[in-house]
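Subject: Structure handover and findings

Hello,

Please find the structure below, handed over for your own work. My notes on it come after.

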Amino acid sequence: MAHQTPLGSSASHVSCLDLWREKNDQLVRQAKVTRLPLRRQQLAQDALEGLRGLLCSLQGLPATVSVLPLELTVICNFITLRANLARGFTEDLAQDIQQGLERVLETQGQLEARLEHELWGLWDAALRVSSLLPELLPALHHLAGLQAALWLTTNRFGDLTLLLQTLTVSQSSASEDMLLLLKSWRPPTEESDAPLTLQNAQGLRDVLLTAFACRQGLQELITGSLPKALSSLHEAASGLCPRSLLVQVYTALGTCLRKMGSPQRALLYLVAALKEGSTWGPPLLEASRLYQQLGNIAAEIESLELLVEALSITRIPEAHQLLIEVELLLPRPDPASPLHCGTQSQAKYLLASRCLQTGRAADAAEHYLDLLALLLDGSEPKFSPPPCPPGPCVPELFLEAAAALIQAGRAQDALTVCEELLSRTSFLLPKRPRLWEDARRRTKESPHCSPWVSATHLLQGQAWVQLGAQKEAISEYSRSPGPASICEQGCTSDMALQQLQTAALISRGLEWVALGQDTKALQDFLLSVQMCPGNQDASYHLLQTLRRLDRRDEATALWRRLEAQTELPQENTAWSLPLYLETCLGWICPPDRETLREEFQTSGDL
């Protein structure tokens, strides 16, 4: 009968409003239907198009106070469904919010004023209008919740604070504490006969509270504000926190407590995180850090093995509810975040390197070979180093693999890995005739010899030592650039390069000792001390050689210098060495240093 009634009459208006509301409610019910994922996705997409068409119908007529609550509710349902299907908020959603606010002002005849307002100005004006039209308040607060979600995801915290202060004017308008403002916000209760919504304002407020507490807690954890982080993360855990997010929050709480010196409490949270769901990566990685801090190497390695296994499992994503969820408002984990557990290859590298560092050479060798296989056979995913802390580049991965193989007694395999690396870095090798010519002329433009190439020769030399081929070992040690070459490159301040050259000289010197050629060994040990005066390994090898050559005065003078160095307070070194180089230095450490000290202390010659 609607077509028989004049369009401008009251009966027509009521009839259209009922039809529009019925259409909104039908589309909301359609979007909430739980069916098979593909079918559900199609129904949701159809519902979105239906809401878009309904919104066009409503906004094609002049704005009226009687229709505006429904129109604002349709806008909220449309934005909610659109953000959910897109799995995030986009800036163009602000246009839908702005149009709703302009329609509010239009009812008060403020058509010119609305064009002069930015988005925050529109909110300020619309909320002042709502004080005269309380029937608009529930829908406006709902729209404000979506505006808050958009500003939260785009980091517009200043505007968000102003909006919340206005919404909570009777409670805590002077506060700038976002958590306090969100707790103080009390959206008006919707009437029982109000149009249906996909998500009401109160539910949206709870999501915002949990999301902001989680974001703030993680940021405070990264910046080191641990007590504040603990409080914020507890707030997030007690809020509207889905199980998948609770795993991450519990993991972050574990990290916080570990850093605060409460490992047992931290462990309780990590166990709770593992019980909450199937997202095991972050708690397992944090558990490995905790066990490393406690010195429980076996538990640390086991956690890393489980981490590699967990990251290898392809999990079926959970079906999302068609509303604004907490995780929708959170950014991707920052590489500095404890929730960033990386890829399977990154976890595999962490496991391999920790096995090498903790003396599990056989396991380390196998894990490194797995990583090299990923790299060489072109399979996906490619190996990529852990971003935080910075992991090794590809040549360093080869070098660590070779070091692990040597440590495991697999010298021939180590040589194969070294040859593969040299074939990939051959363009970095200087031409030997030119190198000699430049060294003879003492030019300042000597060709660059990559530390990776030098390290490869050092490792090859050690592999040949293990195979009993001393001649080949000495040849490889000799292929590292000499002291003059390094000085010309201006790299003498580079501690890693100094230690690398020192290791090559000491290693060659030890082979001369094994061949009974102490005079040649003495030259190498003297050069190594000159190259790196603070390296006590070089000094002790030199000391032993001086004693064997019966050069007592020089030995005594060197011994006194060593004793003076040990009595000085040791400064904390700000540099760290690559793992492959640390491993190499461990091989040339004098095994009988303490015995030698005791002999000198009791010697009557000193």
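This is a predicted model: local features need pLDDT of at least 70, side-chain atom pairs count only at pLDDT 80 or more; totals for chains, interfaces and linings use all residues.

Residues are numbered from 1 along each chain as its sequence is written, and side-chain values use heavy atoms, with hydrogens and water left out.

Whole chain

The chain has 29 helices and zero strands; both are DSSP runs numbered from the N terminus (helices H or I, at least four residues; strands E, at least two). Of its 606 residues, 48% count as buried. Buried means under 20% relative accessible area, exposed means over 50%, and partly exposed is in between (1.4 Å probe, protein chains only). Contact here means heavy atoms within 4.5 Å. Among contacts between residues at least 6 apart in sequence, 66% join residues at least 24 apart.

Cores

A nonpolar core is a set of buried Ala, Val, Leu, Ile, Met, Phe, Trp, Tyr and Cys residues joined through side-chain atoms within 4.5 Å. The largest one has 97 residues, and Leu-81, Phe-89, Leu-101, Trp-123, Leu-143, Ile-324 and Leu-329 have the most contacts inside it. Helix α3 (residues 68–86) is the biggest contributor to this core, giving eleven residues. Residues of the core come from both domain 1 (16–169) and domain 2 (205–307), so the core lies between them; the domain bounds come from an automatic or database domain assignment. Leaving aside neighbours within four places in sequence, Phe-89 contacts Ile-79, Ala-83, Leu-146, Ala-149, Leu-150, Thr-153, Ile-324 and Leu-329. There is also a second, separate core of 70 residues, which includes Leu-356, Phe-398, Ala-414 and Leu-543.

Helix α3 and the residue after it

The expected span of a helix is 1.5 Å times one less than its number of residues. For the 19 residues of α3 this gives 27 Å, and the end C-alpha atoms are 27 Å apart, which agrees. α3 is mostly covered, with 17 of its 19 residues buried. Just after α3 comes Arg-87, with a positive phi of about 55 degrees although it is not a glycine. Most residues other than glycine have a negative phi. Arg-87 is placed in the loop between α3 and α4 (93–106) and, at 34% relative accessibility, counts as partly exposed.

Asn-155 is another non-glycine residue with a positive phi, near 60 degrees. Its loop runs between α7 (137–153) and α8 (157–167), and its relative accessibility of 45% makes it partly exposed.

Helix α18

α18 (residues 394–407) has 14 residues and reaches 20 Å from its first C-alpha to its last, close to the 20 Å expected. Twelve of the 14 residues are buried, so the helix is largely enclosed by the rest of the structure. Among the buried ones are Glu-396, Phe-398 and Glu-400. The buried residues of α18 pack against α16 (344–357), α17 (361–376), α19 (411–424), α21 (451–466) and α28 (579–587). After the helix comes Gly-409, with a positive phi near 80 degrees.

α17 and α18 pack at about 145 degrees, with their axes 8 Å apart. Axes are lines fitted to C-alpha atoms, for helices over the stretch in contact, and angles run from 0 to 180 degrees between N-to-C directions. The crossing is left-handed, meaning that the near helix is turned anticlockwise from the far one by less than a right angle. Residues making this contact include Tyr-368 and Leu-372 of α17, and Leu-397 and Ala-401 of α18.

Helix α26

α26 (residues 536–548) has 13 residues and reaches 18 Å, close to the expected 18 Å. Ten of the 13 residues are buried, including Asp-537, His-541 and Gln-544.

Ser-303 lies in helix α15 (residues 297–312) and is buried at 7% relative accessibility. Not counting residues up to four places away in sequence, Ser-303 touches Leu-284, Ala-287, Ser-288 and Tyr-291.

Ser-478 lies in the loop between α22 (470–477) and α23 (483–488) and is partly exposed at 34% relative accessibility. The C-alpha atoms of Ser-478 and Ser-507, 29 residues apart along the chain, are separated by 9.9 Å.

Regards
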